[in-house]
Amino acid sequence: MSLRVAMIVVFVFLYAPMLLLVIYSFNESRLVTVWAGFSTRWYGELFRDRQMMSALWVSLRVAFMAATTAVVLGTLAAVALTRLGPFRGRNALGVLVTAPLVIPEVITGLSLLLLFVAMGQLIGWPAERGMVTVWIAHVTFATAFVTVVVAARLARFESALYEAALDLGATPFRAFVQVVLPVIAPALLAGWLLAFTLSLDDLVIASFTTGPGATTLPMVVFSSVRLGVSPKVNALATLLIAFVVLAALASWWLMQRRSAYRDT
Amino acid sequence: MSGTPGFLSLRGLERRYGTVNAVDVVDLDIGRSEIFALLGPSGCGKSTLLRMLAGLEGIDAGTIHLDGELLNAQPAHRRPVNMMFQAYALFPHLTVADNVAFGLRQLGMETARLRARVEEMLALVRMSDYAARRPQQLSGGQQQRVALARSLARAPKLLLLDEPMAALDRQLRVEMQRELREILRSIEITCVIVTHDRDEAMTMADRIGLMQQGRLVQVGSPEAVYDRPRTRFAAEFLGPVNLLDGVAESADRVRLGDRLLPTAGAAPGARITVAVRPEDIDLHLAPPAHGQALAGTLVGIDYMGAHRVLEIEVPGLPRLSVIVSGSAQKTPPPGTAVWLDWWPEDAVVLEETS
């Protein structure tokens with residue numbers, strides 16, 4: 001019984017703030033703390049806010065590109081780690097690829113900023129920071145997450161499937177593309193969704209590595225909140241929560257859905 | 001081993017893992033359209049040898065020739081060899097028809113021919129009605145047929161079967177063994193089967209190669225290997241057997257305790273082990289006239305349906321098993337005194353190599 005109470009307390013602690021935020025996003029009043037009746041007014045205002053909408057567009061594009069790149073790189077890293085057998089530097093690769101999982105974002109962001117500045121001075125690229133630099137920065141940490149997800153799937157991949165493809169005349173490359181990739185596709189999609197969400201979320205690293213004209217949504221939200229909370233932000237946050245929850249559920253479901261693609 | 005190379009010819013084949021030879025100097029010739037079973041306990045190297053033939057395992061020494069062509073340097077996907085994997089390894093994301101078509105697509109075969117070939121293969125294994133299904137919607141036996149169709153589609157010169165019945169339950173196994181053998185015979189394909197199941201090897205194969213610790217210890221027809229095992233291991237692996245230690249009195253007499261029993265091909269004076277199958281022992285309820293039968297006591301009876309296994313205790317010898325068939329009423333009760341003998345060719349003198 002006491003365990004049950006403790007669990008409820010934890011859930012309230014974790015989710016009450018978000019619930020409050022969702023409720024107040026439908027508040028008629030301009031004052032965030034005073035309830036004045038149900039309204040979807042702030043959602044309308046949100047969609048008319050050009051600054052926020054352009055920031056959303058930037059964030060979505062960065063997240064899409066970062067997630068896609070991370071899936072390619074993360075899959076290659078996962079293949080190297082799980083399928084190539086022992087090779088010189090495998091352990092080092094494993095540690096280095098997944099290190100961004102535990103490195104504080106501030107440090108990742110700062111080090112990337114220093115790198116971009118130094119590169120700009122040395123080779124003239126990137127001349128200025130913007131979407132491309134945020135994209136590259138997001139790829140670095142998103143790749144780590146994708147690698148972990150895909151490596152977990154590859155670890156229980158039935159190697160006889162790959163061998164059967166070779167045996168039936170497929171070159172190693174075609175065997176990988178025609179058999180391994182389709183079978184692990186749910187894990188790739190789950191990794192992509194995870195990377196997309198993380199990129200959409202990120203404030204710290206983006207703040208360090210962005211430049212003029214490439215303000216991401218979390219940055220707009222953060223700076224607007226400092227000037228006083230507009231209920232618009234509640235509306236935006238509600239939409240983001242809905243999206244993140246859906247993406248998380250989708251990736252969880254894809255990882256769970258083993259029956260259709262069972263090979264172990 | 002004959003001097004003329006076979007359709008499939010292995011010479012001095014070796015595979016090493018560290019200091020262990022998984023496959024240890026294997027020489028073997030297999031004829032065209034022959035069904036050959038590699039039989040042995042797990043870890044004897046039979047699967048490694050099969051994978052070497054498929055190109056999925058490296059070769060440390062020796063050569064593999066197939067139809068006069070050296071296979072050593074050819075990677076798996078270029079060899080005219082196809083394998084049916086142990087758990088079938090059907091592609092879960094493809095339909096039955098696409099599984100069978102997979103190997104043909106790699107050849108770049110045109111659509112019409114490819115379709116015809118897939119239909120032909122599915123008809124061969126009686127799975128035409130399941131072309132649009134996914135592998136996970138099929139039973140074990142059906143999956144096996146699809147796997148067979150897939151491995152035959154490219155018309156390989158050599159078909160490899162890795163423990164073909166291991167994933168099936170016992171009842172289905174006997175049925176599928178017969179069906180598989182008939183399909184293989186009808187298309188006259190050269191085939192190497194790996195199995196640890198002696199019944200499977202004896203039912204399906206023209207010849208058996210018995211493997212032990214990476215070596216081929218005996219090669220021959222199922223009858224030859226069963227009736228004339230060369231070693232203790234071969235005798236025991238192929239079925240229940242009585243192993244009796246004695247001294248050769250002459251070329252065709254072995255002294256067991258105080259009796260002389262028939263055997264064949266012994267070196268006089270040598271300490272030898274003879275192997276006698278339980279079904280080859282003749283049981284008498286009265287001493288035979290020649291006076292050289294083993295005298296013992298019936299101590300146990302196991303009823304096995306069509307036959308019975310009798311346990312006989314003979315002073316100075318390990319307990320003997322004797323299989324008798326026929327009416328159960330004729331079986332004497334435990335405690336009965338019995339006499340045992342056999343024909344000379346049924347007591348095989350083993351080489352003392354094990």
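Predicted model: local features only at pLDDT ≥ 70, side-chain atom pairs only at ≥ 80, totals over all residues.
View 1. The C-alpha trace of chain A spans about 70 × 60 × 35 Å along its principal axes. Of the 264 residues in this chain, 40% count as buried. Among the contacts of chain A that link residues at least 6 apart in sequence, 71% join residues at least 24 apart.

**View 2. Packing of helix α2 against helix α11 in chain A.** Helix α2 (residues 41–48) and helix α11 (residues 231–256) of chain A pack with their axes 8 Å apart, at an angle of about 90°. Because angles of 65 to 115 degrees count as roughly perpendicular, α2(A) and α11(A) are assigned to that class. On the side of α2(A), the contact is made by A:W42, A:Y43, A:E45, A:L46 and A:F47. Helix α11(A) contributes A:P231, A:K232, A:A235, A:L236, A:T238 and A:L239. By residue type, the contact of α2(A) with α11(A) comprises eight nonpolar residues, one polar residue and two charged residues.

View 3. Leaving aside residues up to four places away in sequence, A:N234 touches A:L21, A:Y24, A:S25 and A:V32.

View 4. With a relative accessible area of 29%, A:L60 is partly exposed. When residues up to four places away in sequence are not counted, A:L60 touches A:F196 and A:L200. The C-alpha atoms of A:L60 and A:T197 are 9.6 Å apart in space, although 137 residues separate the two in sequence.

**View 5. Division of chain B into two domains.** The domain assignment of chain B gives domain 1 as residues 8–235 and domain 2 as residues 240–349. The C-alpha centres of these domains of chain B lie 39 Å apart. Nine residues from domain 1 of chain B and nine residues from domain 2 of chain B take part in the contact.

**View 6. Strand β19 of chain B and its pairing with β15 and β16.** Strand β19 of chain B, residues 337–341, is mostly covered, with four of its five residues buried. Strand β15 (residues 282–284) of chain B pairs with β19(B) in the antiparallel sense over three bridges. Within this pairing, B:L283 has B:L340 as its bridge partner in β19(B). Strand β16 (residues 294–303) of chain B also pairs with β19(B) in the antiparallel sense, over four bridges. Here B:T297 stands opposite B:A337 of β19(B).

**View 7. An open sheet of five strands in chain B.** The strands of this sheet follow the order β13-β12-β11-β14-β20 in chain B, and their pairing is antiparallel. The edge strands are β13 (259–262) and β20 (348–349) of chain B, each of which pairs on one side only. Strand β14 (residues 271–276) of chain B and β20(B) are joined in the antiparallel sense over two bridges. In this pair of strands, B:V274 stands opposite B:V349 of β20(B).

Terms used. Residues numbered from 1 in each chain as written. Chains lettered and ligands numbered in written order. Heavy atoms only, no water. Buried < 20%, exposed > 50% of the residue type's maximum accessible area, 1.4 Å probe, protein only. Pairing = 2+ DSSP bridges. Axes fitted to C-alpha atoms, helices over the stretch in contact; angles between N-to-C directions. Parallel < 35°, antiparallel > 145°, perpendicular 65-115°, else oblique. Contact = heavy atoms within 4.5 Å. Nonpolar A, V, L, I, M, F, W, Y, C, P; charged D, E, K, R; others polar. Domains from an automatic or database assignment.
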